[in-house]
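Here is a friendly briefing to read alongside the structure. Have your viewer ready, and pick out each residue as it comes up.

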Amino acid sequence: MAQKKLLKLSVRISDLWFISTPNKSEQAEMVFVDSDGDEIHVVCKQDQLKVCDHQFKLVFIGVTVVRECVLGDIPFRKYRFAGFADVVAGQFERGLLVDVIGVVEEVVFRQVLGKGRRVVFKLKDLSQQLLSCTLWDDYCLQFVKFLDDYEGDGPITVLLSHCRIKEAQGSYPASINNSFKASKLIINQPVMEIQEFNERLAELGIEARSGFKSHGEGSTQLLGSIQLSSKESFFGNAEAKTIVEINTISEEIVCVTVDTITRIQLDNHSWCYTACIQCHKKSDAEMAPFTCACGKYNKEVVLRYRLEVMINQGNESTKFLLWDRECSELIGQSADAVNKLKIEDGDVDLNVSPQALNKLLGHELTFKIKVQPKFRNFVVLKCSADSSLINAMMDMLANAETSSKMDIPVSDSNHSAQHKFQSLSVTADHDPLLGLPLTPTKRQTFQDCDDELGISRISPAQLSFNKLKKHA
C-alpha cells in the first residue's frame, strides 16, 4: 500500500478548473508541470478519472501551503495529442483524459434547446482518420456559436483538451466527448498547436471541408451544397492523369488515375518502420520501452507500413508510395500482425518482403496521389477498389485523351470480369517520413519488370491500358 508523503514542490499550474460538489460548493482541480515537463493531476478528493499519464495524484489537505514564485525553467502546458487511429483501434488507457486536434469534416447532429444540449461532429487528423466528437452544454453552445458567426472559407480546426474517450459498443466505434469541467475548447485560434497543425495539413495536401453553417434545430449542413457523392468526395477537383502524364509532371499537384499493382519494391527501404504510437514518427529504438521525441512513452515497439509498389498502366510503369492506412485496409492485417507471422515462420529480416504483401498484387485500383517532383515521390492519398469509381475514372481518362486528340478506346463491358477486391475506400496515413527523398523513379516498360507473380495473376487484357475494362 502506498504511503502518504510530505512533499515540497516547485511547479507551474498549467491548467485550472472548478467542479461543483454535492454540498453546492466548488472544488478546484489543476494540472502541475515541473522543470522536466512531467505533469500530474491535483485534486482535493479522490476521482475515478486521470487527467495526466502519471501513476499518482496530488491531494491538497488542510495544511497545504501554496506560494507564488518566479520559476523560469518550468515549461508551460504541452499538449499530448492522441492519435485518432489509436482511439478507434482501442489502443488507449482507460479512464485517462486525452487531448485531440483535428479539422471538422462533417456536422452530424445538434440540439441547443432544452435539456441534453449537444452537438455531434466528425474530426479528421493528419492521418485522415475520422473520429466522432460530442460536445455537451456550454461546450456545445460555444461550438455552434462559432459555426453561426464564422465568415471564413478555410478549414475549422478544433483543439479539445482533457476529453473523455468513449469505448466502442457493438456497431458504434469509439468516440470522444468533453469532460464536465476540465476540457478547454479552442477553435481556429492563433495558438501554436493549431498553426502547426494547419501548416502540416497544407503540406500533406489533405483536403478539408469549409463553410459550415447552421440550419434548423436538428442538424447542421454544409453551406451552399448538399452531401457529396462518393465520386465527388474521392475525386474532388483533381485532374485525371495517365502514367505517361504522371511521369512527366514537373510541379507539385494532386491527380487521380486507375492502375494495377504488379510488384512490391524493396530497393530503397524496408516494407515497414518502427514508429511512435502517438505521433507516428519514425523511431530508431529497436527495443522497448522508449520515449519518443514528442514526449510519448512507448511501452512496446510498433511497426507501420511504408511500401513502394510498381504500378502498371499498359506499357508504362512507375512507383507509388503507400503508407500504413491503405496497406492495412488492402492487406487486412497490421504491419505488426504480418511481422509476427513472418517471425513464426523463422524469418526475422525486416528487409525481406512477407508473403502477406502479395495480396496487393494483380488488382486494379483507383488512386488519388500527390506528385512531388522534387523527391520523385508519388504519394497515395486515397485508393479504392469500388467498381463505380474505377468505371468513372476510366471515363475521365477517356474524355481527357479525346480532348487531347488521342484515340484510346475502352473495351466493351461484356468482356469485363468480376473484380476480386471487395468495395472499399482507403485514406492515406501521412507519416512524417513523407519528406524523405526517394531514388528517382525509373520509367520502365512492362517487359522490363520482373512479373513472375504478376503473370500468374493478371491477364494481358488487364495490363493493356488500351483495353481497360469496366466493372459491373
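With a relative accessible area of 9%, Gln 128 counts as buried, because that value is under the 20% limit. Keep in mind that this is a predicted model.

**Positive phi angles**

- Gln 128 sits in the loop that joins strand E6 (118-124) to strand E7 (130-136).
- Its phi is near 65°, which is positive even though the residue is not glycine.
- Arg 376 is another residue other than glycine with a positive phi, here near 55°.
- The loop between E20 and E21 holds Arg 376, and this residue is buried too, with a relative accessible area of 18%.
- Gly 346, which follows H7, also has a positive phi, near 90°.

**The nonpolar cores**

- In the largest nonpolar core there are 32 residues, and Ile 246, Ile 261, Phe 320, Phe 367 and Ile 369 have the most contacts inside it.
- Elements giving two or more residues to this core include helix H5 (243-246), strand E14 (253-265), strand E19 (316-323), helix H6 (324-331) and strand E20 (364-372).
- Strand E18 supplies the largest share, five residues.
- As general background, nonpolar side chains in soluble globular proteins tend to be buried together.

**Cys 255 in strand E14**

- Cys 255 belongs to strand E14 and is buried, with a relative accessible area of 0%.
- Outside its sequence neighbourhood, Cys 255 contacts Ala 238, Glu 239, Lys 241, Ile 246, Phe 367, Lys 368, Ile 369 and Val 371.
- From Cys 255 to Gly 236 the C-alpha to C-alpha distance is 9.5 Å, with 19 residues separating them in sequence.

**Helix H7 and its buried lysine**

- Which residues of H7 are buried? They are Ala 335, Val 338, Asn 339 and Lys 342.
- Viewed down the helix axis, the buried residues of H7 fall within an arc of 95°, so they line one face of the helix.
- In general, residues three or four places apart in an α-helix point the same way, because there are 3.6 residues a turn.
- Lys 340 and Glu 344 are exposed on the other side of H7.
- Strand E15 (272-275) and E18 are among the elements that cover the buried residues of H7.
- Lys 342, in helix H7 (residues 335-344), counts as buried because its relative accessibility is 5%.
- Its contacts away from sequence neighbours are Trp 271, Asp 347, Val 348, Asp 349, Leu 350, Val 352, Ser 353 and Pro 354.

**Ser 179 in a loop**

- Ser 179 is located in the loop between strand E9 (175-178) and strand E10 (185-187).
- Is Ser 179 buried or exposed? Its relative accessibility is 2%, so Ser 179 counts as buried.
- A polar atom of the Ser 179 side chain lies 2.8 Å from the backbone oxygen of His 162.
- Beyond its sequence neighbours, Ser 179 is in contact with Leu 97, Tyr 139, His 162, Cys 163 and Arg 164.

Definitions and conventions: Residues are numbered from 1 along each chain as its sequence is written. This is a predicted model: local features need pLDDT of at least 70, side-chain atom pairs count only at pLDDT 80 or more; totals for chains, interfaces and linings use all residues. Side-chain values use heavy atoms; hydrogens and water are left out. Helices (H or I, at least four residues) and strands (E, at least two) are DSSP runs, numbered from the N terminus. Buried means under 20% relative accessible area, exposed over 50%, partly exposed in between (1.4 Å probe, protein chains only). Contact means heavy atoms within 4.5 Å. A nonpolar core is a set of buried Ala, Val, Leu, Ile, Met, Phe, Trp, Tyr and Cys residues joined through side-chain atoms within 4.5 Å. A polar contact is a pair of N or O atoms within 3.5 Å; within protein, one must be able to donate a hydrogen and the other to accept it, and residues adjacent in sequence count only if both atoms are side-chain atoms. The arc is that of the directions from the helix axis to the C-beta atoms.
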